Every structure is written in C-alpha cells, then in structure tokens.
Amino acid sequence: MATILPPPSKKQKTADIKRAQEQQDIDYIPDNLGNVRIQFHDAATGAVTGPPVSVPVSDATTKNIELILNTLLGNDKSERLPYRFALRLGNKADEKNVLDITSDIYRLVLKTGLKTTEDVLGLEYTPQAVFRVRAVSRCSASISGHGEAILATQFSPRSSSRMVSGSGDSTARIWDCDTGTPMHTLKGHTSWVLAVSWSPDDMIIATGSMDNTVRLWEAKSGKPLGNQMKGHTKWITALAWEPYHLQTVGNPRLASASKDATVRIWDVTLRKIDATLSGHKGSVSCVKWGGTGCIYTASQDKTVKIWNAKDGTLVHTLNAHAHWVNHLALSTDFVLRTGYFDHTGQVPEPAEAKVKKAKERFEKAATVGGDIVERLVTASDDFTMYLWEPQKSTKPLSRMVGHQKQVNHVSFSPDGLYIASASFDNHVKLWNARDGKFIHTLRGHVAPVYQCAFAADSRLLVSSSKDTTLKVWDVRTGKLHTDLPGHKDEVYAVDWSPDGKTVGSGGKDKAVRLWKH
C-alpha cells in the first residue's frame, strides 16, 4: 500500500498563493565584489592546510572550493575527494558558533554580514565518504518463517549477506540475504526475543528475551554456545558488545540491559556475570558500550548513567529529561559496530592487526579538533532530545525540541555529522550533530515512526513506520527519495547493512523483507 498524502490544508494553500504572488529573488551572485581569502584547516586535527587562497566572490561556491582544496592537497583528478566545509565564527571550544557552508560564501557569509572581504575566512574541512551507496528501490525478497511479529533485526558487520532477526515466536533466525532464504533457526528461548546483536568480529550473535535470559550463538553454524545466561529477574531490553579494540583478544564481553533496572556485563567465554551495574530506579531501556571505555545506559527513571566498563563504577548521572528516556545513540556507533570491517572489504589477518585497524577506525571517527570526542544523544517521552559530550561536561550541549509526541529512536550518521530522530508524531527529523540545530523535518509517514537507519555513506536514511511502509530520504535535501510499500502491517524494525547494499525490515506481518537497488 503506497502512502497517499492528505490534501493541503487551507493554511498551506494560503501560504502557497502568497508565495506565488511575492516577487521571487533572482538567484545570482554579483560579479563586482572582488576576492575573498580562504585559509583551510583540517577539522579533525586543526592543522593549517596550505597558504591562504584568494578566490573571486562570484566563484566561491562549495564545488569550486572543493576543487581548490583537492589541488592544495595534491589529489589527482581520479582521486578527488568530496568535502564538507564549515566556518568557525567563535573560539575553538564553542561548537555553537560554527556555520556549515552548504552553497556559497556570498549568501551565507558576506551577504549576512558575518564577515567581509577584508577578513581571512578559516574554513574547516571534513572528507565525506568516498564511496556512494545506491538507494534501495525494490523488495528483492519477502521471507516467511517466523510465527509471530519480528521485533529486532541486525545485519552482520562484515557484509550484507547475512542478517539476524528476533521474533515474538521465541526464536531468532539467521537469513541468507543473497539468496533470500533462511539459514538457521536459533531455538532455546521460551518467550519473545526482544534484542539481537552481532559481535563486531562477526563470530557470535547474542539474543535477549522476555524469559529473562541472554543466549549466545555461533554466527556461522547457528549452534548455541553453551547454556542460557541467567541473572536478570525481568526481561532483556537491549544488548551491547564491548568494542573490538578494547577487548582482551579471545575474551569478548557483552552488556545486557533489563526491565529489572540493572545492566549486567557478561564474560562471554565463561558465560558468567563479570559485573552488575545497579543504580537505576526504573527499567533500563537502552545500553551502549562506547569506544573510550564507558558504558552508557538510558532508563525509565528519566536519567542517563555513564559507567566505567573496567570496574563497573558509576562515573556520571545525566539529569535533564522530564520523562522516560527511550533510546540513546553514540557518534561512533557505526565504527564500533563494524570493528575492523570497512567498505574496502580487506580484513587484516593477525589478531593484533585487527585490533590496530579497529582502533584506528574508532579514533578517526571520534577525532574532532585534535581531541577524541564521543558524543551522545538521548531521546525521551518528554518529546525532546539532548545532545551531550559526557567526557567534558554533565551539562547538555543542546536541547533539541520540535517533535510533538514521544521520540522513540535516534541515530547518528556514520560520519558523525547528522542525527536522525523517529517519533510517534509521524515525522523523522534531521539535526546537526555538532550543535543540535534543527535541519529538516522529513514528512511522508502517516502513522508513528518506529526506527530509522543511515546508509554507510551518510547521504541516505531509511525509516520504518506503523503505516506499513519504509521510506528512503535524501539527507541533503530532506526530500523523500523512495517510497517502499510492501509490508502488510506495522514495520517495527529496520537496518541498513554496513556495506550499503541491502536494507532489511520486519514487523507485525511476520515476514522479513530485503530491499535492494
């Protein structure tokens, strides 16, 4: 069922007529404004790149600036990289005084009076993903097998060939996404499987259930690894693996969050509890294991807590929300999930090289202005989100308001520059991940939106909704790219494979659907 948009309201019609009657500004840049001097800085390290360059104002568009920077860096025509540019208007510590250059210098900087042609403009540059993900446009497979609604889905960190789904039928299933067939059924839980998580080395799958237990499975064969892991007194709500670069080689750990208000850290090899994080007064709704050695937990007691993963001690409590905290996301989620796997498909052989590559990928993603910075965004039933930099302060960087109902799910783009939020007000919103400023409202869904997932190149976003559809959005324009009808009922879970080739979704109609370009 394709979504039919409602007819425009009287207010929208009036606004359209008024816009049509107004004389439109002719979109051109005067060519008699002289030159502007630009000094390039690497946003990650803060290092100066080359001497200041003088550019005619009429030619100072992002496309031309990108060409100049590629020339300064000595990149061949075949190796030209796409870049994003930002102008810092205040001091280094103040992230709110940063202006993204999206079109040209004249309209955004000179015309608004922020700077003049006398000033040297210090432009910070960030490379965009070199590869480009093609938008998914068709349903390549609808695979039945589950006997109840599908509640969670996740792709393997290695490729789009395999995906795991957790269902209300007490099983999880591993799917072969290349052929559209089921590979293994993971049987053992006695109640709904609420959470599934693939280890960053692609070897183990963890599942958490309403039967209060966590189970581990061999990802290749689907065989159980030992017995169930007991400890929680209520059901499991979320799972998070220890990042690969922090693991003791051959001895990974796993964190499980539960409705019993605790988080337990498990020694996966011995299948015993390593530590219990207790301090929340309500159900723990989400857990994330950060790359700097902290564990982040969100709870229905309105707080977010940060724990030291080594000894399980409480480091900070973040108090800002006025209602349940439903979800949280880290700016480094993508690289932590994929470990040493990247878009090149090259996997280092010895264990030390794998750890080194995983650490390098994390540090590259987390470096801002020469510092390792892990940002956190929290979403709540109080209709708001908060952006935090917990290593620096327990005060939020920004309060993000605009949703009219509960915010159910948040996600950072893989490049760490955008945040997407899915809400019960039928909308997805995009925000600037640097300062929390609002960018776009993505309109098109006609019922609550449950989840959203970015493509690996951060240029596209997919969302799943109660209205039975998935929608793919263009992040840059905020416009609907592709409407994906096909599900027969509500779509609870969606994931975009780390290599960008496939989107997997599941919901109330009990079928896993795979979408390709």
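Residues are numbered from 1 along each chain as its sequence is written, and side-chain values use heavy atoms, with hydrogens and water left out. Because the model is predicted, local features need pLDDT of at least 70 and side-chain atom pairs count only at pLDDT 80 or more, whereas totals for chains, interfaces and linings use all residues.

Helices (H or I, at least four residues) and strands (E, at least two) are DSSP runs, numbered from the N terminus. Two strands are taken to pair if DSSP finds at least two bridges between them. A residue is called buried under 20% relative accessible area, exposed over 50%, and partly exposed in between (1.4 Å probe, protein chains only).

Strand β25 comprises residues 376-380, and five of its five residues are buried, so the strand is largely enclosed by the rest of the structure. L376, T378 and S380 point one way from β25, while V377 and A379 point the other way; residues of both sets are buried. Strand β22 (residues 325-330) pairs with β25 in the antiparallel sense over five bridges, and A329 has V377 of β25 as its bridge partner. β25 is also joined to strand β26 (residues 385-388), again antiparallel, by four bridges. In this pairing T378 stands opposite Y386 of β26. The two strands β25 and β26 form a hairpin with four residues between them, and F383 in the turn has a positive phi of about 75 degrees.

A further hairpin is formed by β30 and β31, with five residues between the strands. Strand β30 (residues 428-432) and strand β31 (residues 438-442) run antiparallel and are joined by four bridges. W431 stands opposite F438 in β31, and G436 in the turn has a positive phi of about 75 degrees.

Two open sheets were examined. Strands of a sheet pair through backbone hydrogen bonds, either parallel or antiparallel. Five bridges link β18 and β19 in the antiparallel sense, and the bridge partner of K288 in β19 is Y296. K302 lies in the loop between β19 (294-299) and β20 (303-308). This residue is not a glycine, yet its phi is positive, near 80 degrees. K302 is partly exposed, with a relative accessible area of 40%.

The other sheet also has four strands and antiparallel pairing, in the order β32-β33-β34-β35. β32 (449-454) and β35 (480-484) stand at the edges with a single partner strand each, so one side of each is left without a neighbour in the sheet. The twist averages 20 degrees from one strand to the next. β32 and strand β33 (residues 460-465) run antiparallel and are joined by five bridges, with S465 of β33 as the bridge partner of V449.

A positive phi in a residue other than glycine also occurs at A261, where the value is near 75 degrees. A261 is placed in the loop between β15 (253-258) and β16 (262-267), and is buried, with a relative accessible area of 14%.

In helix α2 (residues 62-72), the buried residues include I65, L69 and N70. Seen down the axis of α2, the buried residues fall within an arc of 140 degrees, so they line one face of the helix; the arc is that of the directions from the helix axis to the C-beta atoms. K63 and T71, on the other side of α2, are exposed. The buried residues of α2 pack against β1 (35-42), β2 (48-56), β3 (83-88), α3 (105-110) and β5 (120-127), contact meaning heavy atoms within 4.5 Å. Just after α2, G74 takes a positive phi of about 75 degrees.

The structure holds one cavity of 30 Å³ or more. A cavity is a set of points, on a 1 Å grid over the protein atoms alone, where a 1.4 Å probe fits but cannot get out; lining residues have an atom within 4 Å of a point. Grid points are joined across faces, edges and corners, and a volume is the space filled by probe spheres set on the points. The largest cavity has a volume of about 40 Å³. Its lining consists of P243, Y244, H245, V335, L336, G339, A358 and F362. The elements giving two or more residues to the lining of the largest cavity are α4 (333-338) and α5 (351-366).

Notes. Axes are lines fitted to C-alpha atoms, for helices over the stretch in contact, and angles run from 0 to 180 degrees between N-to-C directions. On a 1 Å grid over the protein atoms alone, a cavity is a set of points where a 1.4 Å probe fits but cannot get out, and a pocket is an open set with protein on both sides within 12 Å along at least five of seven lines; lining residues have an atom within 4 Å of a point.
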